[in-house]
Amino acid sequence: MPVAAPTETDPVALTQALIRCPSVTPEEGGALTLLEGMLTEAGFTCTRVDRNGTSNLFARWGLKGANRSFGFNGHTDVVPVGDAAAWTHGPFSGDIDADGVLWGRGATDMKSGVAAFVAAAIDFVRTTPPDGAVILTLTGDEEGPALDGTTALLDWMQDNGEAMTDCLVGEPTCPEVMGDMMKIGRRGSLNAHFTVTGKQGHSAYPHRALNPLPAMARLMDRLASETLDEGTDHFDASTLAVVTIDTGNPATNVIPAQCRSTVNVRFNDTHTGASLSAWMQREAQQIATAFGVKVDMEVKISGEAFLTPPGPLSELIAKSVTAETGVTPELSTSGGTSDARFVQHHCPVVEFGLVGKTMHQVDERIETEQITQLKRIYSRILGDYFA
């Protein structure tokens with residue numbers, strides 16, 4: 001009697017199931033528990049790597065310490081839904097409409113990407129067991145502080161002799177059509193918080209006060225007017241944006257004692273967080289001296305700029321994308337930050353995923369065909385990697 005062919009893992013149904021897990025950071029919502037059960041049943045060795053209340057999952061098929069270990073990285077946490085009443089379909093419904101569009105928080109960013117690579121990995125190791133290992137690192141803390149998510153997984157891997165030789169992060173990367181962009185690096189990001197302190201006084205007697213506002217205005221103008229660079233081979237020019245200036249002063253007859261501001265810098269590989277911090281500190285000190293005020297600065301660096309130079313990994317992924325979509329992806333470093341900034345210290349890393357037009361929006365949604373197409377791309381990548 002003929003043996004029935006094994007049923008393929010459906011990435012669309014899995015995306016629906018994950019969306020129905022209300023995993024708004026820092027809540028796990030059942031998403032990682034669901035995946036752990038599926039992967040364990042498929043023969044993966046699974047370990048929960050929770051740290052400081054953040055839920056994480058490590059899964060490996062194949063031998064520990066294999067010569068070749070292809071990794072996927074992604075997150076199951078999502079941003080808040082906003083006004084739930086404003087959604088066309090419930091934010092955790094996972095509904096599919098008559099046009100084949102899947103609705104819900106995480107449909108784009110990035111439960112669909114997780115579902116696609118989990119489905120691809122399960123089917124791949126079942127039908128064509130590779131000479132090597134397939135590793136999945138999944139976190140519940142990418143949309144939040146990102147202190148105990150992928151970093152916790154990588155720390156645990158180092159302590160336990162686990163390693164990926166290459167990694168693909170399944171974030172949505174395509175701006176317009178499926179296949180049009182992959183990320184081979186990311187800009188660095190930092191926030192600098194300034195506090196200028198003068199002396200409070202009556203606005204009718206400014207000579208008896210020391211107004212911090214003109215000093216802050218001059219400092220912000222100097223920082224925002226600076227041309228940081230002209231861009232590099234793989235990066236656009238760095239940018240600095242003044243995002244807030246606050247005094248908390250409602251009175252028109254009072255010169256305030258303090259003023260606070262914040263700037264956000266997105267920088268390329270011309271700079272480091274330290275070099276930019278040093279430049280801003282010099283500018284702040286010059287303003288403090290010129291105006292006779294005190295200027296304090298606190299810098300928080302979210303991540304440094306990094307690049308995985310075009311080579312075997314990006315060529316492998318681009319070839320698979322083109323084979324399945326007919327589109328040649330642009331090699332880009334645009335956009336914000338992702339957990340690839342942590343993975344790049346561990347192994348070469350590239351990002352590729354769906355079209356991200358609706359991520360973080362009310363009515364986040366994605367065409368189901370993109371999810372199945374993404375699974376095919378990931379399956380082809382695995383097949384070619386271990387060929």
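Tutor: Contact here means heavy atoms within 4.5 Å, and helices (H or I, at least four residues) and strands (E, at least two) are DSSP runs, numbered from the N terminus. This is a predicted model, in which local features need pLDDT of at least 70 and side-chain atom pairs count only at pLDDT 80 or more, while totals for chains, interfaces and linings use all residues. Residues are numbered from 1 along each chain as its sequence is written, and side-chain values use heavy atoms, with hydrogens and water left out.

Student: What do the buried residues of α7 pack against?

Tutor: Buried means under 20% relative accessible area, exposed means over 50%, and partly exposed lies in between (1.4 Å probe, protein chains only). In α7 the buried residues are L313, S314, L316, I317, A318, S320, V321, E324 and T325. The elements that these buried residues pack against are β3 (69-75), β6 (166-169), β7 (181-183), β17 (349-351) and α9 (368-385).

Student: What distance separates the end C-alpha atoms of helix α7?

Tutor: The expected span of a helix is 1.5 Å times one less than its number of residues. Because α7 (residues 312-325) has 14 residues, it should span 20 Å, and the model agrees with this, its end C-alpha atoms being apart by 20 Å.

Student: At what angle do helix α1 (residues 11-19) and α9 pack?

Tutor: Axes are lines fitted to C-alpha atoms, for helices over the stretch in contact, and angles run from 0 to 180 degrees between N-to-C directions. With their axes 9 Å apart, α1 and α9 pack at an angle of about 115°.

Student: How many nonpolar residues are in the contact of α1 with α2?

Tutor: These two helices pack at an angle of about 145°, with their axes 9 Å apart. Their contact brings L14, A17 and L18 of α1 against A31, L34, L35 and M38 of α2. Ala, Val, Leu, Ile, Met, Phe, Trp, Tyr, Cys and Pro count as nonpolar, Asp, Glu, Lys and Arg as charged, and the others, Gly among them, as polar. On that division, the contact of α1 with α2 has no polar residues, no charged ones, and a nonpolar number of 7.

Student: Which residues is Y378 in contact with, leaving aside its neighbours within four places in sequence?

Tutor: Y378 is one of the members of the largest nonpolar core that touch the most others. Beyond its sequence neighbours within four places, Y378 is in contact with F72, G113, A116, F117, A120, L168, G170, F352 and G353.

Student: Is D363 buried or exposed?

Tutor: Most residues other than glycine have a negative phi, whereas phi of D363 is positive, near 65°. D363 lies in the loop between β17 and β18 (365-367). Because its relative accessible area is 13%, D363 is buried.

Student: What is the omega of the peptide bond from T25 to P26?

Tutor: Most peptide bonds are trans. P26 lies in the loop between α1 and α2. The bond from T25 to P26 is cis, with omega near 10°.

Conventions:
A nonpolar core is a set of buried Ala, Val, Leu, Ile, Met, Phe, Trp, Tyr and Cys residues joined through side-chain atoms within 4.5 Å.
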